[in-house]
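Work through the exercises below with the model open. Try each task before reading its solution.

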Amino acid sequence: MLGVFLSGLNLPAAYLPPSNSSRCTFGGTGWKLRKIRSFGVDPHGMKTTTKSRLSPYYCTVIAFFGIFFNVYSQAQQTSSLPENWPNWAYGYLEPLMEGGRIAPPCPIDAKPLDCAYRSPPATDDGLKFSLPGTSLSFTASEADYDYGPADWYPDDHPLMPAVVDQGRREEKIRACSLCHYPNGQGKMENGHVAGLPYSYILAQLEVFSKGDRRSADPRKANTNEMMMIAKSMSEEEKQIVARYFSSINFKPLVNVIETTKAPQVRMTMNGLMLPIEDMPFVPLGNRIIEVPTNPQRTAIMRDPRGMFTSYVPIGSLEKGKLLVETSNNKTIQCGICHGPDQTGLADIPSIAGRTASYTMRQLWDIKQGTRKSLIMVPIVTNLNADDMLSISAYLASLPP
Ligand code: HEC
Ligand code: HEC
C-alpha cells in the first residue's frame, strides 16, 4: 500500500535504475526508495547511496522526507556534469552547471506532452513556403503542427497510420511524424527510425515504456516525451508503427567533413543545432558540430528530405574506422553483430549513416546506464568519450 502510494508520488525518480536506489525491505516484499533528486537523474552515479539495505524505521523516515522533498523540489536542483560530458551530442555547447535548467518534471503519470519544453505557439502570418519537388505549400505553423504536421512528399512513404500522421490529441501524444518525419528519416536531436527492423522497433518501444531507455543528460526533454509516448501506446498501435517504419528505406542523411573549423551555432529548444548566418567559422576542438545542410528548410519547413552536415575533428574518421573494424583491443568488432557494412543484421539495427549526435548519445547513455542494453554494455565499457566520438563520426560517414 505504502509502496503504491509512494510510487504514485515519487514522480520522475520512479524511472531511476536500481543502482541509484536504496532498497528498503518490508516483510519480504521489497519496494524501492528512489534517490531523492530533481529529475531523478544522477547520470554519473555520483553521490549514489551505497547502503543496500536499510532498516524499516530508517526507511519510513526517509520515505516521508522523500515525498515532501520530491514534490517540492522537482527540477530545481541540478548537479554539474563531469568535464568529459559530450554536451554537443545532446544539443548543448555548454556543460550543465549547478542550478542550470533541466527538462521539465516528467512524473510517471504525466501525458507525453507535459514532459516537453514548450515554446509559445508559432504565430501564423499566412506566408506559404514551398520546397523543390513538391507542389504542396505550408505555413510555418502548419509545417510544425503537433497533431498533423506537413507531409511534403506523400509519395515518399506508404500511407501513414493515424498515430504517425496525427498522434492522439486527447492523450497528448504528438504525431510521430512531427519529430521523425513521415518518412522516418528523423533528425539529429531525435532519431532515425526508417528501415529499422520490426522487432527492434517493438523492443525499443518496450524499453522506453519501462523507463529503461532514458537520457543520461537531464536537459534532454524530448527523450522523456518519447518514453511517455511509448508508455501511452497500445500494443496494436506499436505493431502498426513498427510495421510502417520498418517498411521504409533509410536514405542518406549525413555529409561528414573532417576539419579544424566549424560554423558558430545556436540551439533550438530541443537541441537542433543551427548555424548562425554570416559569422566566421570557429575552432572545432574535440567535438562534433552537426547542422542541417539547409537550415531554413529543416528548422522552419521541416523538410523530410533535408540532410545534415557533420563537422568532425581531423583524424577521427581513421580512429573510428580502426575501432569499428578491428576493435583495437578495446571493444568488439561492430560488424559481427551489426553486419559487415554496419547496415544491420537480422534483428540488429543499422548503425551506418545516422547522425553522429544520435550515435554518440546512444553509446554514452549505454555507458552511463540510462539506456539499458545488456548486449551493448561490454562493447562500451572500455571506450572513452574520445573513442565514442571517433566511432560516431566514422559511422556517420558510412552509406546507410
Ligand atoms: C517530441 C518528439 C518525438 C515524437 C513525437 C516521437 N518521438 Fe520517437 N524519439 C524521439 C527522441 C528524442 C528519440 C531518441 C532519444 C535518444 O536520443 O535516445 C526517439 C527515438 C525513437 C525510437 C528509437 C530509434 C532507435 O533507433 O532506437 C523509436 C522506435 C521511436 N522513437 C518511435 C516513435 C514513434 C512510433 C512515435 C509516434 C508514436 C514517436 N517516436 C514519436 C522523439 C520523438
Ligand atoms: C554482440 C553483438 C553486438 C556487437 C559486437 C555490437 N553491437 Fe551494437 N547493438 C547490438 C544490439 C543487439 C543492439 C540493439 C539494442 C539492444 O538490443 O539492446 C545494438 C545497438 C546499438 C546501437 C543503438 C542503435 C539505435 O538504433 O539506437 C548503437 C549506436 C550500437 N549498437 C553501436 C555499436 C558499435 C559502435 C559497436 C562496435 C564498437 C557495436 N554496436 C557492437 C549488438 C551488438
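**Exercise 1.** How do the residues of the shell around ligand 1 divide into nonpolar, polar and charged?

*Solution.* The model is predicted; local features need pLDDT of at least 70, side-chain atom pairs count only at pLDDT 80 or more, and totals for chains, interfaces and linings use all residues. Residues are numbered from 1 along each chain as its sequence is written, while chains are lettered from A and ligands numbered from 1 in the order in which they are written.

Step 1. Set the classes. Ala, Val, Leu, Ile, Met, Phe, Trp, Tyr, Cys and Pro count as nonpolar, Asp, Glu, Lys and Arg as charged, and the others, Gly among them, as polar.

Step 2. Sort the shell. It holds 13 nonpolar, six polar and three charged residues.

Step 3. Locate it. Of the 22 residues around ligand 1 (C-beta atom, placed from the backbone, within 6 Å of the molecule), Cys-176, Cys-179, Asn-190, Gly-191 and Met-226 come nearest. H5, H6 and helix H7 (221–232) each give two or more residues. H7 gives the most, with five. Helices are DSSP runs (H or I, at least four residues), as are strands (E, at least two), numbered from the N terminus.

**Exercise 2.** Describe the shell around ligand 2.

*Solution.* Step 1. Among 18 residues, Ile-332, Cys-334, Cys-337, Gln-362 and Ser-373 come nearest. Step 2. Helix H11 (335–338) and helix H12 (356–368) are the elements that give two or more residues. Step 3. The classes are 13 nonpolar, five polar and no charged residues.

**Exercise 3.** Which residues of H8 are buried, and why do they line one face?

*Solution.* Step 1. Apply the cut-offs: buried means 20 or more other C-beta atoms within 10 Å of the residue's own, exposed 12 or fewer, partly exposed in between, with C-beta atoms placed from the backbone. Step 2. Val-241, Ala-242, Tyr-244 and Phe-245 are buried. Step 3. Down the axis of H8 these fall within an arc of 165° (directions from the helix axis to the C-beta atoms), so they line one face. Step 4. On the other side of H8, Glu-235 and Glu-236 are exposed.

**Exercise 4.** Where does Asp-278 lie, and is it buried or exposed?

*Solution.* Step 1. Most residues other than glycine have a negative phi. Step 2. Asp-278 has a positive phi of about 60°. Step 3. Its place is the loop between strand S9 (273–275) and strand S10 (282–283). Step 4. Asp-278 counts as exposed because it has 6 C-beta neighbours inside 10 Å.
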